[in-house]
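Reader: Hello! Could you walk me through this structure, with the cut-offs behind each term?

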Protein chains: 2
Amino acid sequence: MDDTVTLTLDEAEALSREVLTRHGFDEAHAGAITRSVVAAQRDECHSHGLYRLIGCVDTLHHGGVSPDATPEIIDIAPGVVRADARQGCSLLAFEQARPALIDKARTNGIAMLALNNAFHFSALWPEVESLAEEGLVALAMTPSHAFVAPAGGQAPLLGTNPIAFSWPRPGTFPYTFDFATSVVARGEIELHRRAGEAIPEGWAVDRQGEPTTDPATALEGAMLTFGGYKGSALSIMIELLAGPLIGDLLGHETQPANADGQGKPFHGELLLAIDPATLLGTDRERHMQHAEALFEGVLAQGARLPSQRRHEARRRSREIGVTIPATLYQELDRLRQPKGPGT
Amino acid sequence: MDDTVTLTLDEAEALSREVLTRHGFDEAHAGAITRSVVAAQRDECHSHGLYRLIGCVDTLHHGGVSPDATPEIIDIAPGVVRADARQGCSLLAFEQARPALIDKARTNGIAMLALNNAFHFSALWPEVESLAEEGLVALAMTPSHAFVAPAGGQAPLLGTNPIAFSWPRPGTFPYTFDFATSVVARGEIELHRRAGEAIPEGWAVDRQGEPTTDPATALEGAMLTFGGYKGSALSIMIELLAGPLIGDLLGHETQPANADGQGKPFHGELLLAIDPATLLGTDRERHMQHAEALFEGVLAQGARLPSQRRHEARRRSREIGVTIPATLYQELDRLRQPKGPGT
């Protein structure tokens, strides 16, 4: 038996929707989650792809997440829209606030979306890329559970605090990055522990703040930010902007989605959108074309652009579909059955 | 003879103004440059302090910089103001556009200043801190001459591209950072070359893209960004936002201020300002207070906040003045004389 299964994008989408609605998500949430999960699978971001559905269903069964909350979209100021997810998934709140964000960015040149009270489990790049598709420049950030020590410290205080950016490019995929401000994802350290392998120095410190290469000691201590004190300063900025500035939680306060401490955290997310057309008027095309010189300069050195592998995967997946482990397919297939285990 | 000279802040300000006006800067530019240079000296940022006046005067004598340009302040959109420095120093353009930026941030929640065609030599933190004094959250970025290779590359393409952020704190100095996205300043490598010392691995690559610890080889090759591919991605973002987005130059295009290739570069700068009061209304105070928990968490670990040393220096300087090398004082004192050398 083949140990992988290949699905068309339509089949992947149907599978995701069926799993989610079978377990109680309403059509609107199932649609928004599916669009994010299938986009990640299409781009071969496996950890944010179809695999993530298992965690969604699990979190829902632990209680605390609303599977059918209608996000409340509030006009705060000419340049600010707020989306209160009301304990639902962040993705539907983003989708429903997105038109107002785009409209405000076009009118004002720059605008901001404060997304609150959200169950958050997705990558940020699908959101910033969806704004780049409208010709906007976009920036997003969110806190997460506190696993990371500030530079010079030894205890978890900061979230892994990802930041994502997307810049529209004429005729090709946008320039996009999306990375955690921790050196690596926490899962990387767990993988090393399971494999009985040492982690590289610089990933984490022990409980005394001393560098460690032992993954178990690292998991008891704290992860480090990328780039030393500079990455630490950026991580704190992300906490502030996607936390108190929008009236939401800090990384060390993010609550598990439910009373038993399982499941994904609730917190906020901040998005900025800037419209180059508003800034540049009729010179827009010339300056956007001009930015291409920078990308060409990177590629001419044999260096890669961030997200380049992901965009190459997207081209492939559109032609030949997505391939996932057979065990994952079987688990998801069970989850979509009317009387399968887990319902 | 004592090899240092201590000046009150008033004396430092008078010295700076006299040097600048003696060499042709008008009162408005001399005032704006002086405020930045004296603030840096007060905070013991020596490289951006009074020492920087020598470079200002030198650049002016090489021609190309306007010592008396009146910045043009243009209302681009409800959320965007443009300041065309018209080949003058960036500092006066910032000061003159600042009220409009603040006003737009208060009205819209978020606003942006596009500063163009500027002779740029100053740190960014005085500008973001001046916005934090108004209760605003501020972010600034600017490109600079291309000395830095993108991650995976080997040739200079990116500027050292600093980014600065400031967050207002009740009753104390703001949370502020301001750092180059290169691992270190180029001057650090030059200091190592002069001292005949190796540089640490990770600062630079040779012309083939191989790591080097030889400062001369590094200066012929390219500097690296902090934090590997993540810092490189951020550096490219800064180029895009403070370059093509505002209709200005990329790092590898920044022109020397004058025909003979000497002097400081001309380019753009981007500033964002966000008003927490607009976002949070009557909850503002509670959430700003809440952010203090994060700073307390950092300090409780024995870690430092960025700019902490600078703010401590500020307290000292306000009491006892600023101390500079006697040789620097003598050079500046000569530069302010009616018939001194250099006029």
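This is a predicted model: local features need pLDDT of at least 70, side-chain atom pairs count only at pLDDT 80 or more; totals for chains, interfaces and linings use all residues.

Reader: Thanks! How much space lies in the second largest cavity?

Author: Residues are numbered from 1 along each chain as its sequence is written, chains are lettered from A and ligands numbered from 1 in the order in which they are written, and side-chain values use heavy atoms, with hydrogens and water left out. A cavity is a set of points, on a 1 Å grid over the protein atoms alone, where a 1.4 Å probe fits but cannot get out; points are joined across faces, edges and corners, and the volume is the space filled by probe spheres set on them. For the second largest cavity that comes to about 70 Å³.

Reader: Which strand gives the most to the lining of the second largest cavity?

Author: Lining residues have an atom within 4 Å of a point, and here they include Leu139(A), Leu272(A), Leu139(B) and Phe165(B). Strands are DSSP runs of E with at least two residues, helices are runs of H or I with at least four, and both are numbered from the N terminus. β5 and β13 of chain A and β5 and β13 (265–274) of chain B each give two or more residues to this lining. The most, 3 residues, come from β5(B).

Reader: And what volume does the largest cavity have?

Author: The count of cavities of 30 Å³ or more is 2. The largest cavity is lined by 17 residues, with Leu139(A), Leu139(B), Met141(B), Met237(B) and Leu241(B) nearest its centre. Its volume is about 120 Å³.

Reader: How do the residues lining the largest cavity divide by class?

Author: β5(A) gives the most to this lining, with 4 residues. For the classes, Ala, Val, Leu, Ile, Met, Phe, Trp, Tyr, Cys and Pro count as nonpolar, Asp, Glu, Lys and Arg as charged, and the others, Gly among them, as polar. The lining then has no polar residues, no charged residues and 17 nonpolar ones.

Reader: Is α1(B) oblique or roughly parallel to α12(B)?

Author: Axes are lines fitted to C-alpha atoms, for helices over the stretch in contact, and angles run from 0 to 180 degrees between N-to-C directions. Angles under 35 degrees count as roughly parallel, over 145 as roughly antiparallel, 65 to 115 as roughly perpendicular and the rest as oblique. Helices α1 (residues 9–22) and α12 (residues 326–335) of chain B pack at about 45°, their axes 8 Å apart. So α1(B) is to α12(B) oblique.

Methods. On a 1 Å grid over the protein atoms alone, a cavity is a set of points where a 1.4 Å probe fits but cannot get out, and a pocket is an open set with protein on both sides within 12 Å along at least five of seven lines; lining residues have an atom within 4 Å of a point.
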